[in-house]
Amino acid sequence: GHIAIVHDRTHYARTIVERVRIAMAENKMAPILTEGLVAGEKDYRALVDRLIKSKADAVVFAGFPNEAAVILRQLRASGSNMR
């Protein structure tokens, strides 16, 4: 499947993203989209639009649960079945 990576730009999240990229490369995979976000926002529609346009099947999210919940809610509201 096509995988997108979203992270909150913290050092910890970037470390997770780097390890995900290494694991993906070892399996001859590459993310189709990698995006950083600003934690604490209440609206991630622009990011959600990019995720939908990327046709990703799943998102690897490295960040806090609050942002993940907002993004997931906005994905579902847009009709996306992305995991």
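Reply: Let's start with K28, which sits in the loop between α1 and β2 (helices, H or I with at least four residues, and strands, E with at least two, are DSSP runs numbered from the N terminus). This is a predicted model, where local features need pLDDT of at least 70 and side-chain atom pairs count only at pLDDT 80 or more, while totals for chains, interfaces and linings use all residues. Residues are numbered from 1 along each chain as its sequence is written, and side-chain values use heavy atoms, with hydrogens and water left out.

Back to K28: its phi is near 55°, a positive value in a residue other than glycine. Most residues other than glycine have a negative phi. K28 also counts as exposed, because its relative accessibility is 77% (buried is under 20% relative accessible area, exposed over 50%, partly exposed in between, using a 1.4 Å probe and protein chains only).

R9 has a positive phi too, near 70°, and is likewise a residue other than glycine. Its place is the loop between β1 and α1, with α1 covering 11-26. At 46% relative accessibility, R9 is partly exposed.

Now the strands. The open sheet is built from 3 strands in the order β2-β1-β3, with parallel pairing (two strands pair if DSSP finds at least two bridges between them). β2 and β3 are the edge strands, each with a single partner, so one side of each has no neighbour in the sheet. From one strand to the next, the twist averages 15°.

β1, residues 3-7, is joined to β2 by 4 bridges, and the two run parallel. On that side, A4 stands opposite L33 of β2, and I5 has T34 of β2 as its bridge partner. Towards β3, there are 5 bridges, again with β1 and β3 running parallel. There, I3 stands opposite A58 of β3.

How many residues of β1 are buried? The count is 5 of the 5, so β1 is largely enclosed by the rest of the structure. Face by face, I3, I5 and H7 are buried on one side and A4 and V6 on the other, leaving both faces covered. In a regular strand the side chains alternate between the two faces of the sheet. β2 (33-36) has a covered face made of L33 and E35, and an uncovered one with T34 and G36.

What lies across these strands? Helix α2 lies across β1, β2 and β3, and runs at about 175° to β2 (axes are lines fitted to C-alpha atoms, for helices over the stretch in contact, and angles run from 0 to 180 degrees between N-to-C directions; contact means heavy atoms within 4.5 Å).

The loops on either side of α2 are worth a look. G40 is in the loop between β2 and α2, and it counts as partly exposed because its relative accessibility is 47%. G40 and R76 are 36 residues apart in sequence, and their C-alpha atoms are 20 Å apart in space. K55 lies in the loop between α2 and β3, where β3 is 58-62. With a relative accessible area of 65%, K55 is exposed. Leaving aside neighbours within four places in sequence, K55 is in contact with H2 and I32. K55 and L33 are 22 residues apart in sequence, with 9.5 Å between their C-alpha atoms.

Finally, the helix packing. Two packed helices are described by the angle between their axes and the distance between the axes. Helix α2 (residues 45-54) packs with helix α3 (residues 65-77) at about 60°, with the axes 10 Å apart. That makes α2 oblique to α3 (under 35 degrees is roughly parallel, over 145 roughly antiparallel, 65 to 115 roughly perpendicular, and the rest oblique). The α2 side of the contact is R45, L47, V48, L51 and I52, and the α3 side is I71, Q74 and L75. By class, that contact has 6 nonpolar, 1 polar and 1 charged residues (Ala, Val, Leu, Ile, Met, Phe, Trp, Tyr, Cys and Pro count as nonpolar, Asp, Glu, Lys and Arg as charged, and the others, Gly among them, as polar).

S80 ties in here. It lies in the segment after α3 and counts as buried at 12% relative accessibility. Neighbours within four places in sequence aside, S80 is in contact with I52 and L75, two residues that are also listed in the α2 and α3 contact.
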